[in-house]
There are 2 protein chains.
Amino acid sequence: MTNRVTQLFKINVPIIQAGMVWVSGWKLASAVSNAGALGLIGAGSMKPDLLREHIRKTASATPSPFGVNIPLLRGDIDDLIAVIQEEKVKIVFTAAGHPGRHVEKFKKFGGIVVHVVANIKQALKAQECGCDAIVAEGFEAGGHNGLDEITTMALVPQIVDAVTIPVIAAGGIADGRGMLAAFALGAEGVQIGTRFAATIESSAHEVYKQKIVEAGDGDTIITYRNILPVRAVKNPFMALVQKEETHKGMTKERMMELHAKGRERKGIFEGNWEEGELEMGQSSGLVHDIVSAKEIVDRIMKEFEETKRRFII
Amino acid sequence: MTNRVTQLFKINVPIIQAGMVWVSGWKLASAVSNAGALGLIGAGSMKPDLLREHIRKTASATPSPFGVNIPLLRGDIDDLIAVIQEEKVKIVFTAAGHPGRHVEKFKKFGGIVVHVVANIKQALKAQECGCDAIVAEGFEAGGHNGLDEITTMALVPQIVDAVTIPVIAAGGIADGRGMLAAFALGAEGVQIGTRFAATIESSAHEVYKQKIVEAGDGDTIITYRNILPVRAVKNPFMALVQKEETHKGMTKERMMELHAKGRERKGIFEGNWEEGELEMGQSSGLVHDIVSAKEIVDRIMKEFEETKRRFII
């Protein structure tokens, strides 16, 4: 399969594994890249030195292209970028912030920059400042989420109509049917998080992986929705936050109090069901097993082709 | 085009025009049915006698099948159902409530019953009590909305996997790309609201139709979200409700005070931008003109076929 996304990254299939905190280290990223898709190291939960280690290990584990995802709001963002440059990583996905001031740096050493957006305005800005592609991420996605709550089905075609650079769809996609749906909407690639979080190579805790498998259709919720929305599975801690938010409203100060106590690490990496934030998307309802990353890539492409054939007849 | 949905309703194309309060009277329903799709009279804003009038006018205006959509929570639901039976309308879409106690009545005179659902549990219940098909409606849809906030992209494949009766996708679909995406996810039909609300035959106020055309990607919001969620365009009234909800929370009593003052009529039928609720879905960002219902059906099918051809090459 060849299109602008496979050509941009020099990959075999237009599937990108989302960079996920406490989930996508060198093991997952290299396994995905070895399977012909694009693996991303999630730098969001890494200090600069740890990121360097993961980059080096990924490079040793795969001859194929891989990338790094960085949240631009990090206080030490310049140090993270320095590591990426020193280690000569050519593919960078940026999220949560404006990529403008950083794109030029990456371009200087031949880097490819992709920005994650949640509305048309952000998409146009990303295109304007020189990004090579964008990820259009819908409301159903896990983890940090856009304030506008625009879903993948509504967002992707509107962004495709607004920009000329390739659009990668994210949010709610876990199988080949979702991938074909995204392509029907005009996307040329898909970014998949939750499905890859429940793989053997994911560095998350077994309890977290199991909770993805167990989650049903309505089991994730958005909290802090007017401040810094986060989607996670409804567990005792998130239920408590939601209750407070519904009945009293939420302030930034109170959110910092609740959210900032290493909740992501606790939930995803330590498997603390009671007190952690176990971030996952609505597609968790489509995940029924924990298998290898290669098995996921192969399944998605097989189902994508099978679903396509339904339309040809 | 032939599939289980076209066969069930005896229509040419598997497109259903959603029953919409103050929007879909006999003019819109008959125009859609005359175009080969399925038109629905929205009984939600009609007293029984007015519904009877609209049914009779629709029957005179089209030789093709049409249906009625009824919200089951209406106090006079038995009177509405009596009108449908007396007037021998064969297709009924039910929403907002449990269809169980009514399905048998409709079946007695050979009726086809379709229930609108927003999660798997509701879908299974609808199938169990004898519904012929279901509409799986995602969070992006306009008007009344499910409490679980499951989006079309995540909801449709999960429901398709759970039931054996045909699934009609709704929410975020306004063109042939969205229709093909829904089919990729396993739907066999699409229910489209907002796109049909901005047509010449829609009985809504011109101001409301124009606001659909003007709405951008992030211009609709959900309010009363933990009680009885409603999606409408962000206007002065909805902004006020949202602000109160965010900072103080919302109670059922306060919602009744705010919502119940004929807000839908004011917004949709009277075009009152300041004080009304102008219900519309996130697909309003994909609507750029006001044309005839037939033009919409033709465009969607043309784009559906064109998008399909992209995959065949």
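Which residues in H2(B) meet which residues in H3(B)?

Reply: Quick heads-up: this is a predicted model, where local features need pLDDT of at least 70 and side-chain atom pairs count only at pLDDT 80 or more, while totals for chains, interfaces and linings use all residues. Residues are numbered from 1 along each chain as its sequence is written, and chains are lettered from A and ligands numbered from 1 in the order in which they are written.

Now your helices. On the H2(B) side you'll find Trp26(B), Ala29(B) and Ser30(B), and they meet His54(B), Lys57(B), Thr58(B) and Ala61(B) in H3(B). Here, contact says that the C-beta atoms, placed from the backbone, lie within 7 Å. Sorted by class, that makes three nonpolar, three polar and one charged residues. (Nonpolar covers Ala, Val, Leu, Ile, Met, Phe, Trp, Tyr, Cys and Pro; charged is Asp, Glu, Lys and Arg; the others, Gly among them, are polar.)

How do the two helices lie? H2 spans residues 26-34 of chain B and H3 spans residues 48-61 of chain B; their axes come within 9 Å and cross at roughly 30°. The axes are lines fitted to C-alpha atoms over the stretch in contact, with angles from 0 to 180 degrees between N-to-C directions. H2(B) and H3(B) are therefore roughly parallel to each other, a label for angles under 35 degrees. Their crossing is right-handed: the near helix is turned clockwise from the far one by less than a right angle. Helices, by the way, are DSSP runs of H or I with at least four residues, and strands are E runs of at least two, numbered from the N terminus.

Stepping back, chain B also touches chain A: 40 residues of chain B are in contact with 40 residues of chain A. On chain B's side, H7, H8, H11 (236-248) and H14 (293-312) each give two or more residues, and H7(B) has the largest share, with six residues. That side divides into 15 nonpolar, 19 polar and six charged residues.

Over in chain A, eight of the 11 residues of helix H7 (residues 152-162) are buried, so H7(A) is largely enclosed by the rest of the structure. Buried stands for 20 or more other C-beta atoms within 10 Å of a residue's own C-beta, placed from the backbone. Among those buried residues are Met153(A), Leu155(A) and Ile159(A). Their cover includes H6 and H8 of chain A, together with H7 and H8 of chain B.

Definitions and conventions
Angles under 35 degrees count as roughly parallel, over 145 as roughly antiparallel, 65 to 115 as roughly perpendicular and the rest as oblique. Two residues are in contact if their C-beta atoms, placed from the backbone, lie within 7 Å. A residue is buried if 20 or more other C-beta atoms lie within 10 Å of its own, exposed if 12 or fewer, and partly exposed in between; C-beta atoms are placed from the backbone.
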